[in-house]
Amino acid sequence: MSSIAGFIGRVYKSLNPPSPPRVEQPLRFGILGAAAIAPNALIRPALSHPEVLVYAVAARDIQKAQTYATKHHIPKVHSNYEELLADKDIDVIYNPLPNGLHYEWTMKALEAGKHVLLEKPAANTAEEVRAMFDLAEKKGLVLLEAFHYRFHPAIQRLKAIVDSGELGKIKHVEATMSLPKGHFSADDIRYNYSLGGGCLMDMGCYPMNCVRYLTSSNPASILDVSHELFQPPNSPSDYASNVDKKTVASFAMPNDVTAKITCNFEDPPRLGFIPRLPVLNVAIECEGGKTDLYNFIGPSWFHTITVTPRSGRARKEKAYVFSGSDGVGGGQRGEVWWETYRYQLEAFVDRVKGREVRTWVDKEDSVANMDWIEKVYAVSGLGSRPKSTYVSTTQT
Ligand SMILES: NC(=O)C1=CN([C@@H]2O[C@H](COP(=O)(O)OP(=O)(O)OC[C@H]3O[C@@H](n4cnc5c(N)ncnc54)[C@H](OP(=O)(O)O)[C@@H]3O)[C@@H](O)[C@H]2O)C=CC1
Ligand SMILES: O=C1OC[C@@H](O)[C@H](O)[C@H]1O
């Protein structure tokens, strides 16, 4: 009963967060595009952060930007992306553009002297990811690939359990992100190759990141890759698609560990008619038992960490807030209703302000993640998503 009340409380408070008064000079964020994800990933989390003001939005169509700004109480509207970047009152750019535009607009934002909170996956190629971080470093600006789940206590608690050695050495890690068929329409950016589409890019980047994070390593090699292709409705049977709607990849990790990632845009109904639930799980087999986290990507409303030692009693844990006794260090306690995005925003602001952060997703992490995504695409034969044609004016 108390867990149902806890769930309702978390959902309610995360959707209706308290909004404390802003500090005298909050960080002013500008949003590139009237993006579908921004209300969840930035606008709502920002309400409860006293040092953040979502100050401006730009869209390719000014009317769209105005409607969005009115709906989300954003004070300023710009009629194009360049104008947003030129706005001297903006400190941070949030870049939730389609993947294939991440590089160009992040480079432009950094060139304009802005910190950048950049949606995942960071860009279409590892080379582009490195170039963005090089420029951020050169300019002394903060750049973060928004792997929001990494900032939540749940995944950090899971890693602390694994790292504590209580289950012995890791043998195998499996991470899955799968959504029921029908979640995305055929014209979604996710199915558009020229915009950096593909399931491995959009969803597979999480399991890729997660297996690397939990094993504290990069793959040694790829063991196997399989994929299913997206075919636009009414396309000819010989339509050559290079957009995966599903990818499964297995890896040899260092120290005799193996890993498997699965991502699926279109999990078909069971028996053809029973709709599937999303699958957002990670499971780890160790020599002395196993553990898993149900809902590793969106743990804020509900998750379960199950720990099953080979000998001894199994237990279930929750980690909605950093407790101090959870083996993941001090600072940034959080609130039980904070979503992954709110934890992420806390760390981002702390980083910009030069304060210590509990956790971070750094340059080499982002570069390696993209590198392995490209390597999987190379094995599947689909190839990397197209390189940006943007030529930076600030060569690093
Ligand atoms: N962190 C998370 O949980 C999530 C992250 N994402 C990531 O966020 C990014 C955006 O996803 P989402 O919000 O679903 O995307 P949308 O379909 O809402 O597109 C985002 C914006 O892209 C702009 N855009 C610019 N050029 C084009 C173009 N040629 N075609 C289509 N759109 C264009 C549009 O801006 P305009 O308003 O100017 O027209 C649009 O508002 C992706 O990188 C995705 O991976 C997505 C969902 C969840
Ligand atoms: O968290 C997410 O869920 C659905 C995906 O398509 C999206 O891009 C991703 O970030």
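## Where the ligands sit

Where does ligand 1 sit? In this predicted model, ligand 1 sits in the largest pocket, and ligand 2 sits in the largest pocket as well. A pocket here is an open set of points on a 1 Å grid over the protein atoms alone, with protein on both sides within 12 Å along at least five of seven lines. A molecule sits in a pocket if more than half of its atoms lie within 2 Å of the pocket's grid points.

Residues are numbered from 1 along each chain as its sequence is written, while chains are lettered from A and ligands numbered from 1 in the order in which they are written. Local features need pLDDT of at least 70, side-chain atom pairs count only at pLDDT 80 or more, and totals for chains, interfaces and linings use all residues, with side-chain values using heavy atoms and leaving out hydrogens and water.

## Around ligand 1

Ligand 1 has 24 residues around it, of which Ala-34, Arg-60, Tyr-81, Asn-99 and Tyr-341 come nearest; a residue counts if one of its heavy atoms lies within 4 Å. By class, this shell has 14 nonpolar, 4 polar and 6 charged residues. Nonpolar means Ala, Val, Leu, Ile, Met, Phe, Trp, Tyr, Cys and Pro, charged means Asp, Glu, Lys and Arg, and the others, Gly among them, are polar. At least three residues of the shell come from each of domain 1 (14–148) and domain 2 (151–376), with bounds from an automatic or database domain assignment.

Now for the polar contacts (pairs of N or O atoms within 3.5 Å). A polar backbone atom of Ala-36 is 2.9 Å from an oxygen atom of ligand 1, and a backbone N or O atom of Ala-35 lies 3.4 Å from an oxygen atom of this ligand. Tyr-206 brings a polar side-chain atom to 3.4 Å from an oxygen atom of ligand 1. The protein buries 83% of the 900 Å² that ligand 1 exposes when taken alone, by the Shrake-Rupley method with a 1.4 Å probe.

## Around ligand 2

Tyr-206 turns up again here, surrounding ligand 2 together with Lys-120, Met-177, Phe-184, Arg-190 and Asp-202. This shell divides into 3 nonpolar, no polar and 3 charged residues.

Which side chain has an N or O atom 2.5 Å from an oxygen atom of ligand 2? That is Asp-202. Polar side-chain atoms of Arg-190 and Lys-120 also approach oxygen atoms of ligand 2, at 2.7 Å for Arg-190 and 2.8 Å for Lys-120. Of the 270 Å² of accessible area that ligand 2 has on its own, the protein covers 78%.

Methods: Polar contact = N/O pair within 3.5 Å; in protein donor to acceptor, adjacent residues only side chain to side chain. 1 Å grid on protein atoms, 1.4 Å probe; cavity = no way out; pocket = protein on both sides within 12 Å on 5 of 7 lines; lining within 4 Å.
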